[in-house]
Amino acid sequence: MKTLLVTGSSGLIGSEVCVHFANLGWKIHGIDNNQRAVFFGAAGDTRWNQHRLEKTIKDYTHHELDIRDRENVLKIIPEIKPDAIMHTAAQPSHDKAAAIPFDDFDTNAVGTFNLLEATRRYSTQIPFVHMSTNKVYGDAPNEIPLIELPTRWDYADEKYKNGIPETFRIDQTKHSLFGASKVSGDISVQEYGRYFNMPTAILRGGCLTGPNHTGVELHGFLSYLVKCNLEQKEYTVFGYKGKQVRDNIHSYDVARFIEEFIAAPRIAEVYNIGGGKNNTCSVLEAFDMISAISGIPMKWNYQEENRIGDHICYYSDLSKMRNHYPKWDITKSLTDTFKEIYQAWVLKKQ
Ligand SMILES: NC(=O)c1ccc[n+]([C@@H]2O[C@H](COP(=O)([O-])OP(=O)(O)OC[C@H]3O[C@@H](n4cnc5c(N)ncnc54)[C@H](O)[C@@H]3O)[C@@H](O)[C@H]2O)c1
């Protein structure tokens, strides 16, 4: 039986990966210290998800460990002896980072580095998959000329008709402190791959979503938007007329890609992982989509000032993922994803 180590196991992507690999017959070790509750308060508490994993996965072991704790990170990897590592633990919010710069950098940059070095000392042969973000491109995607459509922005430049490729520049652009700490993690994972010939992958996420996200205003766009709709709470739109575009990928499709990579790993590969053009929506369109499902009109207000460094239009070019792993594709439509998130919030409220 193979063993997978998942950091951030109680989070959206971590928990999906735990369940997915458990279903494939792997033994699972999760690392999570519920730091999301420290970052975002009670609404960000992920204990419920940890308990769900403990109840539903037979071979699941939880480790209450902070990835910033270098000494214990160095100890735990040779103890667990994983066959692969999935690293999802992070301070995930663009906006939150400026208020907690040390926590952000120590988690996203140093925590990632602790795990990489601990992995290298244990084995240079095991796949190490890292969740990065499209924020490593900073606000450079905003330099692409846009066209304004009735409910959304889109790229005017034909070169980007399929979205943003992995070759897009990452420097000399405004990232937010979050983007900067994630760049550091992203480059470190690439470097351990190239320098030590380790099978590492860097997945630069667009909007990752799904029913097990503990969505809060500062992180988890669709999950939080659906929750607001259900609770008839006012949602605040920040700038760009509410026409800003995101590509949304269900966490199941992220886990499926990770399965493909771990089965046939490569060295230091970077992938833009999002819903792609077909799974895009603007904030205004998202309001209509959730109202059509719930029957509840969306309450919202508008603030002229956009979030610092926020993308006006971003969607991932999925061609490299499809070329490298032809058995992988998006399986969950945006409407199905909305429905699943909606049903999950309804159940949580009962
Ligand atoms: N959700 C998105 O839209 C999105 C988009 C792009 C990139 N990403 C990246 O994907 C990854 C996973 O995102 P998510 O949405 O699943 O996040 P999440 O917040 O749902 O899960 C992260 C988990 O990590 C844990 N954690 C945080 N700091 C920790 C620490 N120091 N030690 C141990 N555990 C810690 C948290 O408690 C949480 O349960 C992150 O790296 C994030 O930056 C997410």
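Which residue just after helix 7 takes a positive phi? It is Gln 232, with a phi of about 55 degrees. Keep in mind as we go that this is a predicted model.

Let us stay with helix 7 for a moment. Helix 7 spans residues 221-231 and is mostly covered, with 10 of its 11 residues buried. Among the buried ones are Phe 221, Tyr 224, Lys 227 and Asn 229. What do these buried residues pack against? Their partners are strand 9, strand 10 (235-238), strand 11 (245-250), helix 9 (283-294) and helix 11 (334-349).

Strand 9 brings us to the ligand. Strand 9 (207-209) supplies at least two residues of the shell around the ligand, and so do helix 1 (12-23), helix 2 (35-40), strand 5 (128-133) and helix 6 (176-196). In total, 32 residues surround the ligand, the closest being Asp 32, Arg 36, Lys 182, Gly 206 and His 213. Sorted by class, the shell has 12 nonpolar, 15 polar and 5 charged residues.

A polar side-chain atom of Asp 66 lies 2.9 Å from a nitrogen atom of the ligand, and a polar side-chain atom of Asn 33 lies 3.2 Å from a ligand nitrogen. Gly 11 takes part through its backbone, where an N or O atom lies 3.3 Å from an oxygen atom of the ligand. On its own the ligand has 830 Å² of accessible area, and the protein covers 97% of that.

Now for the salt bridges, of which there are 18. One of them joins the side chains of Arg 121 and Glu 117, at 2.8 Å from N to O. Both residues lie in helix 5 (residues 101-122), 4 residues apart, or about one turn of the helix.

Other pairs reach across the chain. Lys 243 and Glu 148 meet in a salt bridge at 2.7 Å, N to O. This pair links distant parts of the chain, 95 residues apart: Lys 243 is in the loop between strand 10 and strand 11, and Glu 148 is in strand 6 (residues 146-148). Arg 152 forms a salt bridge with Glu 285, with the closest N and O atoms 2.9 Å apart. Arg 152 lies in the loop between strand 6 and strand 7 (153-155) and Glu 285 in helix 9, so the pair ties together parts that are 133 residues apart in sequence.

How values were computed: Residues are numbered from 1 along each chain as its sequence is written. This is a predicted model: local features need pLDDT of at least 70, side-chain atom pairs count only at pLDDT 80 or more; totals for chains, interfaces and linings use all residues. Side-chain values use heavy atoms; hydrogens and water are left out. A residue is near a molecule or strand if one of its heavy atoms lies within 4 Å of it. A polar contact is a pair of N or O atoms within 3.5 Å; within protein, one must be able to donate a hydrogen and the other to accept it, and residues adjacent in sequence count only if both atoms are side-chain atoms. Accessible areas come from the Shrake-Rupley method with a 1.4 Å probe; for residues, only the protein chains shown count as cover. Ala, Val, Leu, Ile, Met, Phe, Trp, Tyr, Cys and Pro count as nonpolar, Asp, Glu, Lys and Arg as charged, and the others, Gly among them, as polar. Buried means under 20% relative accessible area, exposed over 50%, partly exposed in between (1.4 Å probe, protein chains only). Contact means heavy atoms within 4.5 Å. A salt bridge is a side-chain nitrogen of Lys or Arg within 4 Å of a carboxyl oxygen of Asp or Glu.
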